[in-house]
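Here's a quick briefing on one protein, made for a first look. Take a moment with the picture, then read on.

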Amino acid sequence: MAKAKSPSGRRTQPAQPVIAGAAVAADTAAPKKRTSIPQFASQVRAELRKVVWPSRKETWITSVMVLIMVVIAAIFFFVVDAGLSVASRFILGLGGQ
């Protein structure tokens, strides 16, 4: 059996089958350290600095596209509902004669 290449280009050994009991013991994680409130707030601010906010133009274009899709969906469901209504009235009307 050929050995698989790792991303670094080195050849690695084929994966060995995992024994069920051994996998459970190896996957247990150590208890996590608690984060203080000021530290948490600092981490939140740091993550918010990484956010790429959309421009006013991107927001406008996206809003218009959503509005167009809502109108198309409303028209589609109106037509389907009207068609099913006519069909059900026709079918139920035949049974009453």
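Is Glu47 buried, partly exposed or exposed? Glu47 is partly exposed, as its relative accessible area is 46%. Keep in mind that you're looking at a predicted model. Let's go through it topic by topic.

**Overall layout**
- You'll find three helices and two strands in this protein.
- Start at the N terminus and the elements come in the order β-β-α-α-α.

**Surface**
- The protein has 97 residues, and 0% of them count as buried. Here, buried means a relative accessible area under 20%.

**A nonpolar patch**
- Six names to look for are Trp60, Ile61, Met65, Ile68, Met69 and Ile72, which form a nonpolar patch on the surface.
- Together, these residues have about 650 Å² of accessible area.
- Ile68, one of the patch residues, sits in helix H3, which covers residues 56–95.
- With a relative accessible area of 39%, Ile68 is partly exposed.

**The salt bridge**
- The structure has one salt bridge, and its partners are the side chains of Glu47 and Lys50, at 3.2 Å from N to O.
- Both residues belong to helix H2 (residues 37–50); they are three residues apart, so about one helical turn separates Glu47 from Lys50.
- Glu47 is partly exposed at 46% relative accessible area, while Lys50 is exposed at 59%.

Note on methods. Residues numbered from 1 in each chain as written. Predicted model: local features only at pLDDT ≥ 70, side-chain atom pairs only at ≥ 80, totals over all residues. Heavy atoms only, no water. Helix = DSSP H or I, 4+ residues; strand = E, 2+ residues; numbered from the N terminus. Buried < 20%, exposed > 50% of the residue type's maximum accessible area, 1.4 Å probe, protein only. Patch = residues over 30% accessible without salt bridge, like charges linked within 9 Å, V, L, I, M, F, W, Y side chains within 5 Å. Areas by Shrake-Rupley, 256 points an atom, 1.4 Å probe, with all protein chains shown as cover. Salt bridge = Lys/Arg side-chain N within 4 Å of Asp/Glu carboxyl O.
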